[in-house]
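Please prepare a short report on the structure shown below.

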Amino acid sequence: MNKDTLFALSLFPYLGFLWFLTRSQKAPRLALIGFYVLLLFVAITIPAGIYAKVTYGKALANVDWLHGSAEFFLTLSNILVVLGFRQATLERQQEK
């Protein structure tokens with residue numbers, strides 16, 4: 001199995017994770033948004049990789065401005081998840 005096939009197949013468990021997490025209504029809202037932003041990162045990375053290959057003849061990782069722009073959404077996703085769980089932790093501590 002090549003890496004592209006594995007990548008495509010990995011989306012199904014992640015979509016299931018998002019579905020259950022959303023349905024449970026127990027995840028902090030900001031963290032949940034962060035998990036959805038990760039899908040945005042994937043949606044941006046795929047065309048960016050194709051553009052890098054077609055336009056520059058290089059992998060996305062070798063086109064700094066394009067790679068950095070796509071990675072911004074991964075960073076944003078991580079920040080939102082951390083801030084969401086931090087906020088939930090602080091709220092839980094205040095309840096005690």
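Helices are DSSP runs of H or I with at least four residues, strands are runs of E with at least two, and both are numbered from the N terminus. The model is predicted, so local features require pLDDT of at least 70 and side-chain atom pairs pLDDT 80 or more, whereas totals for chains, interfaces and linings use all residues. Residues are numbered from 1 along each chain as its sequence is written, and side-chain values use heavy atoms, with hydrogens and water left out.

**Overall fold**

The chain contains three helices and zero strands, and its pattern along the sequence is α-α-α. The C-alpha trace spans about 55 × 30 × 15 Å along its principal axes. The radius of gyration (taken over C-alpha atoms) is 17 Å, while a compact globule of 96 residues would have a value near 12 Å; the globule rule is 2.2 Å times the number of residues to the power 0.38. With contact defined as heavy atoms within 4.5 Å, residues 24 or more positions apart supply 58% of the contacts that have a separation of 6 or more.

**Surface and burial**

Accessible areas come from the Shrake-Rupley method with a 1.4 Å probe, and for residues only the protein chains shown count as cover. The chain exposes about 7100 Å², of which carbon and sulfur atoms supply 65%. A residue is buried under 20% relative accessible area, exposed over 50%, and partly exposed in between. Of the 96 residues, 23% count as buried.

| Residue | Relative accessible area | Class |
|---|---|---|
| Met1 | 76% | exposed |
| Gly49 | 23% | partly exposed |
| Ser77 | 3% | buried |

**Selected residues**

Met1 is located in the segment before helix H1 (3-24). Together with Leu6, Leu9, Phe12 and Leu15, Met1 makes a nonpolar surface patch of about 580 Å². Such a patch joins nonpolar side chains within 5 Å, from residues with over 30% relative accessible area and no salt bridge (a side-chain nitrogen of Lys or Arg within 4 Å of a carboxyl oxygen of Asp or Glu).

Gly49 belongs to helix H2 (residues 29-56). Between Gly49 and Asn62, the C-alpha to C-alpha distance is 10.0 Å, with 13 residues of separation in sequence.

Ser77 is part of helix H3 (residues 64-95). Leaving aside residues up to four places away in sequence, Ser77 touches Gly34, Val37 and Leu38. A polar atom of the Ser77 side chain lies 2.7 Å from the backbone oxygen of Gly34.

Note on methods. Patch = residues over 30% accessible without salt bridge, like charges linked within 9 Å, V, L, I, M, F, W, Y side chains within 5 Å. Buried < 20%, exposed > 50% of the residue type's maximum accessible area, 1.4 Å probe, protein only. Polar contact = N/O pair within 3.5 Å; in protein donor to acceptor, adjacent residues only side chain to side chain.
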